[in-house]
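Q: I would like to go through this model with you, one topic at a time. Could we begin as soon as it is on the screen?

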Amino acid sequence: MCPATARGSIAILESFGNRYPCDLGSGWCYGLRGPRPVRSFTHLGQDELPRRRRRGGTSGFFVGQKHEHYRERTERMARIDLNVPFGEKDEAKGLGARWDGSLKLWYIPDGVSSAAFSRWIPAEPDIGLQCDTYFIAETTTNCWRCHERTTVFGFILPAGHASLEEDDDDQDSYAWRQYDEPTIVHYVTDLLPSVASRMKAFSRNYRIDFSKTTESSYWMNHCEHCGMKQGDFGMYCEPEGAFSPISPAGAARITLHEVVEPFGCNGSTGYGDYMFDNMKRA
């Protein structure tokens, strides 16, 4: 919980690569990486905004050592996606790889050994968020540059997802902490290749780009009309942003596409009353 002074308004954390709503007023927030300044939307009263926060502390429970839980789930996966250059597709096909036309990639089917495909298997990133399933969230927003309505995408993890956090009993080690409520993920980095491929089937406008605001690169939306970057702050952290609804009607404009596959990335998480029940299911 933030040791900021409550002023009856929602505060937004403004920090490098890790911004999220906070349920207290302006001042300083303390997270896993030290103190960060926050600012208040003083023009909005407390009753006008849903309560949201960065979840932490004793709200979850440890579920295993670093990456153990994720590796166990990955080992149970029947399918492994591959990064096969066009000039090597016939070789991969001859070894038993199959083509997924919807995701535009080759993969190793169930029952085929992965040994012969090692050079095409993507390296697994060092992730800090994971879940057995996830939702690709879809909605529209006005491009800040050309003002045209453009489709944007994001990720929502259901209850049961886990976050890699400092162990309360040992500050030098980390453990997976499981949460019993959904979260919306933003400032995404180190996205699992299989999840990135799934997103590409929805949009080629959600891709890694550099943000001058955060001075970092992350997965972000781009306008489908003019190609301009659509940063996460306005969509996830500002009240009435594309993925930050403050009313059931706003939440109903978001469509959720369920993906029953493992999810993994690094990024920021938002918790609280995002009115997930009001979002439409595809």
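Q: Which residue in the turn between β17 and β18 has a positive phi?
A: That residue is Gly227, with a phi of about 80 degrees, in a hairpin that leaves 6 residues between β17 and β18. Strands here are DSSP runs of E with at least two residues, helices are runs of H or I with at least four, and both are numbered from the N terminus. Please note that this is a predicted model, in which local features need pLDDT of at least 70, side-chain atom pairs count only at pLDDT 80 or more, and totals for chains, interfaces and linings use all residues. Residues are numbered from 1 along each chain as its sequence is written, and side-chain values use heavy atoms, with hydrogens and water left out.

Q: How many bridges join β17 to β18?
A: There are 2 bridges, and the strands run antiparallel, with β18 covering residues 229–230. Two strands count as paired if DSSP finds at least two bridges between them. Within this pairing, His222 stands opposite Lys229.

Q: And which strand forms the other hairpin with β17?
A: That is β16, with 4 residues between the two strands; Glu215 in the turn has a positive phi of about 55 degrees. β16 spans residues 206–211 and pairs with β17 in the antiparallel sense over 6 bridges. Ser211 stands opposite Ser216 of β17.

Q: Changing topic: which residues have the most contacts inside the largest nonpolar core?
A: They are Tyr134, Phe155, Val188, Leu191 and Phe263, in a core of 23 residues. Elements giving two or more residues to this core include β11 (134–142), β12 (149–157), α3 (193–202) and β20 (263–272). A nonpolar core is a set of buried Ala, Val, Leu, Ile, Met, Phe, Trp, Tyr and Cys residues joined through side-chain atoms within 4.5 Å.

Q: What lies apart from it?
A: Another core, of 21 residues, lies apart from the largest one; Ile156, Met235, Cys237 and Ala242 are among its members.

Q: What about aromatic rings: how many pairs are there?
A: The count comes to 12 aromatic pairs. Rings of Phe, Tyr and Trp (its six-membered ring) pair if their centres lie within 6.5 Å; planes under 30 degrees apart are stacked, over 60 edge-to-face, and the rest tilted. Phe155 and Tyr206 have ring centres 5.8 Å apart and planes at 80 degrees, so this pair is edge-to-face. Phe155 belongs to β12 and Tyr206 to β16, 51 residues apart.

Q: Are Phe155 and Tyr206 buried or exposed?
A: Phe155 is buried, with a relative accessible area of 1%, and Tyr206 is buried at 3%. Tyr179 and Tyr271 form a tilted pair, 5.3 Å centre to centre with 40 degrees between the planes. Tyr179 lies in the loop between β14 and β15 and Tyr271 in β20, so the pair ties together parts 92 residues apart in sequence. Both Tyr179 and Tyr271 are buried.

Q: Which residues form one aromatic cluster?
A: The cluster consists of Tyr134, Phe155, Tyr206, Trp219 and Phe263.

Q: Why does Glu181 count as buried?
A: Glu181 counts as buried because its relative accessibility is 16%. Glu181 is placed in the loop between β14 (170–178) and β15. The C-alpha atoms of Glu181 and Ala159 are separated by 4.1 Å, although these residues are 22 apart along the chain.

Key:
Buried < 20%, exposed > 50% of the residue type's maximum accessible area, 1.4 Å probe, protein only.
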